[in-house]
Amino acid sequence: MSWFHSSTAPVDARNHASPAEVVACFQDQRNLLGRLAFLITGNHATAEQAVVQACEITLQGNSPFHDWLFEWAKAATIASAISHGAKAIRICEATYKDRRCPHVEHLSQGDAEERASNLDLILGADTQTLLTELDPLCRAVLVLRVAIRSSIQDCALRLNVSRTAVLAANCHALTWLQKRQVKPVEENHDASHAV
């Protein structure tokens, strides 16, 4: 069984982020991470707490790889925010009980450029409008799908809600996002004709 022993060799620590690098990542990306957490929790103090908790959990666990550190920080922050907002998220599940998504394209996660554009749009959206127009379940699904490429099934597991509710919330969130993408184009078109 020599093959078994060879796979249990210690991991090369040079490929893993040091505690100082973990802290630096969370500090450098604090605004973005805080905004992602806020989109889920809807509360600035809770969002800040989620970022701090995510950093602490990362420092206490196995150190992520250097190359994955920022993605790890986003995922840890989102998980922490979900744990803080779990009750509000689950309450919304009943709203989507009888809804269905007729858009096949909503199952696609898009390419990296499209996801980056969508993330910029979400992060730049008016906070009050976003909180008013999207409930906690929609916001959580949107953040999971756009920020860390979670599948529908992964969203259902992370949020502890039905797959049906996630599909319907995803449909609502992506429809909202598509309207936001069209609106700036319409505003620019209207402004150019007003001159």
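This is a predicted model: local features need pLDDT of at least 70, side-chain atom pairs count only at pLDDT 80 or more; totals for chains, interfaces and linings use all residues.
Visitor: Okay. Is Ser 80 buried or exposed?
Guide: Ser 80 is buried, and its relative accessible area comes out at 5%.

Visitor: What is Ser 80 in contact with, leaving aside neighbours within four places in sequence?
Guide: With those neighbours set aside, Ser 80 is in contact with Ala 50, Gln 53 and Ala 54.

Visitor: Let's zoom out. How many helices and strands are there in the protein chain?
Guide: The protein chain has 10 helices and zero strands. Follow the sequence along and the pattern reads α-α-α-α-α-α-α-α-α-α.

Visitor: And what percentage of the residues is buried?
Guide: Of the 195 residues in the protein chain, 37% are buried. The chain exposes about 11300 Å², and carbon and sulfur atoms supply 55% of that.

Visitor: What about contacts between residues at least 6 apart in sequence: what share joins residues at least 24 apart?
Guide: That share is 78% in this protein chain.

Visitor: New topic: salt bridges. How many does a search of the whole structure find?
Guide: The search finds four. One of them pairs the side chains of Arg 30 and Glu 48, at 3.2 Å from N to O. Arg 30 belongs to helix 3 (residues 30–41) and Glu 48 to helix 4 (residues 44–60), so this pair ties together parts that are 18 residues apart in sequence.

Visitor: Which residue does Glu 71 meet in a salt bridge?
Guide: Its partner is Lys 74, again with side chains 3.2 Å apart, N to O. As background, an α-helix has 3.6 residues a turn, so residues three or four places apart point the same way.

Visitor: A buried lysine, then. What is Lys 74 in contact with beyond its neighbours within four places in sequence?
Guide: Lys 74 is in contact with Leu 32, Leu 33, Leu 36, Ala 147 and Ile 148. Take Ile 148: it sits 74 residues away from Lys 74 along the chain, yet their C-alpha atoms are separated by 7.3 Å.

Visitor: Back to salt bridges. Which residue meets Glu 133?
Guide: Arg 180 does, with the side chains 2.4 Å apart, N to O. Arg 180 is in helix 10 (residues 163–194) and Glu 133 is in helix 7 (residues 127–133), so the pair ties together parts 47 residues apart in sequence. Arg 180 is buried at 19% relative accessible area, while Glu 133 is partly exposed at 35%.

Visitor: Now helix 8. How many of its residues are buried?
Guide: Helix 8 is mostly covered, with 12 of its 12 residues buried. Among them are Pro 136, Cys 138, Arg 139 and Arg 145.

Visitor: What span should helix 8 have?
Guide: Helix 8 covers residues 136–147, and its 12 residues at 1.5 Å a residue should span 16 Å. The C-alpha atoms at its ends are 16 Å apart, which agrees.

Visitor: What happens at the start of helix 8, and just after it?
Guide: At the start, a side-chain oxygen of Asp 135 reaches to within 3.0 Å of the backbone nitrogen of Leu 137. Just after the helix, Arg 149 takes a positive phi of about 55°.

Visitor: Last topic: how many residues has the largest nonpolar core?
Guide: That core has 52 residues, and those with the most contacts inside it are Phe 26, Ile 40, Ile 78, Leu 137, Leu 142 and Leu 159. Elements giving two or more residues to this core include helix 2 (19–28), helix 6 (112–124) and helix 9 (152–159).

Visitor: Which helix gives the most to this core?
Guide: Helix 8 does, with nine residues.

Visitor: And what does Leu 142 contact, leaving aside neighbours within four places?
Guide: Leu 142 is in contact with Ile 122, Leu 134, Ala 147, Ala 173, Leu 174, Trp 176 and Leu 177.

Note on methods: Residues are numbered from 1 along each chain as its sequence is written. Side-chain values use heavy atoms; hydrogens and water are left out. Helices (H or I, at least four residues) and strands (E, at least two) are DSSP runs, numbered from the N terminus. Buried means under 20% relative accessible area, exposed over 50%, partly exposed in between (1.4 Å probe, protein chains only). Contact means heavy atoms within 4.5 Å. Accessible areas come from the Shrake-Rupley method with a 1.4 Å probe; for residues, only the protein chains shown count as cover. The expected span of a helix is 1.5 Å times one less than its number of residues. A polar contact is a pair of N or O atoms within 3.5 Å; within protein, one must be able to donate a hydrogen and the other to accept it, and residues adjacent in sequence count only if both atoms are side-chain atoms. A nonpolar core is a set of buried Ala, Val, Leu, Ile, Met, Phe, Trp, Tyr and Cys residues joined through side-chain atoms within 4.5 Å.
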